Amino acid sequence: MFFLLPVLAALILSLTDYDLYALADIRNLRFVGLENYWTLLHRPLFWSALGHTVYFVAVGVPLSLIASLGAAMLLNSPLARCKPFFRTALFAPVVTTVVAVAVIWRYLFNTKYGLVNSVLDGIGVAPIDWLGDPHWSMPTIILFAVWKNFGYNMIIFMAGLQAIPADLYEAARIDGASALRQFQHITLPMLKPTMVMVSILTVSGYFQLFAEPYVMTEGGPLQSTTSVLYLMYEEGFKWWNLGSASAVAFLLFIIMFAVTAVMLRLSRRGGEV
């Protein structure tokens, strides 16, 4: 009732020209088949939004995995102190409202009085228009998203690290293995199932990029941060082309499904090798 029926309704909606006129009078609704999908595939803005989304995923996912795994290994180290405090501090951004932290980040990256540009000015670097320059807007959003979300994966990686038997590391140290070799031959292989799961969750989440550009840049400048989900929002709730917006949603679902299937297939092939 609360999942399958809405999905089925959205699929049917994507095959119609449901818009503001049909919303006012259902008799204006027409069945158009795959016309919405065909129009989107020939629309430059859709491919531009898809390119921005893929760029966000391709850069943001590895950075998020590296940051979360690094933080998990630091907190899992026997030398770490005040672990509960740092776990809470690093996880806090995950449960913090996106709007609240996005407003703070907008001030931090403000061109005139932002803290980041003040630090750069102190070392002789000219101020950068982080959110107003098309070349810097998406990297800024990626940095914000990684900081906001890596704590969730960090907790999962910590659980995976704690499940690795300590005897393996002890035997490796006795055999003279360095810390790097222990990481390569013990930590990474034992974390592979966890890594696959975290990668799929992160990729799926990052493909649904919306809140960050909506709050920080509103898809600008020059539509350089318009994602597929943001395009869906504009189609559905700005221009009231609900049929087209539903088609965007299902195209994004197909892309996410394909990427996830490829990742699972590669992970299984790697396990067989």
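Predicted model: local features only at pLDDT ≥ 70, side-chain atom pairs only at ≥ 80, totals over all residues.
Modeller: Ground rules: local features need pLDDT of at least 70, side-chain atom pairs count only at pLDDT 80 or more, and totals for chains, interfaces and linings use all residues. Residues are numbered from 1 along each chain as its sequence is written, and side-chain values use heavy atoms, with hydrogens and water left out.

Biologist: Why are helix 6 and helix 8 called oblique to each other?

Modeller: The axes of helix 6 (residues 98-108) and helix 8 (residues 134-162) cross at roughly 135 degrees and come within 12 Å. Angles under 35 degrees count as roughly parallel, over 145 as roughly antiparallel, 65 to 115 as roughly perpendicular and the rest as oblique. Helix 6 and helix 8 are therefore oblique.

Biologist: How many residues line the largest pocket, and which are closest to its centre?

Modeller: The largest pocket has a volume of about 460 Å³. Of its 14 lining residues, Asn76, Ser77, Pro78, Tyr169 and Gln182 are the closest to the centre. Lining residues have an atom within 4 Å of a pocket point on a 1 Å grid, and a pocket is an open set of points where a 1.4 Å probe fits, with protein on both sides within 12 Å along at least five of seven lines.

Biologist: Which helix gives the most to that lining?

Modeller: Helix 10, with 4 residues.

Definitions and conventions: Axes fitted to C-alpha atoms, helices over the stretch in contact; angles between N-to-C directions. Helix = DSSP H or I, 4+ residues; strand = E, 2+ residues; numbered from the N terminus. Points joined across faces, edges and corners; volume = space filled by probe spheres on them.
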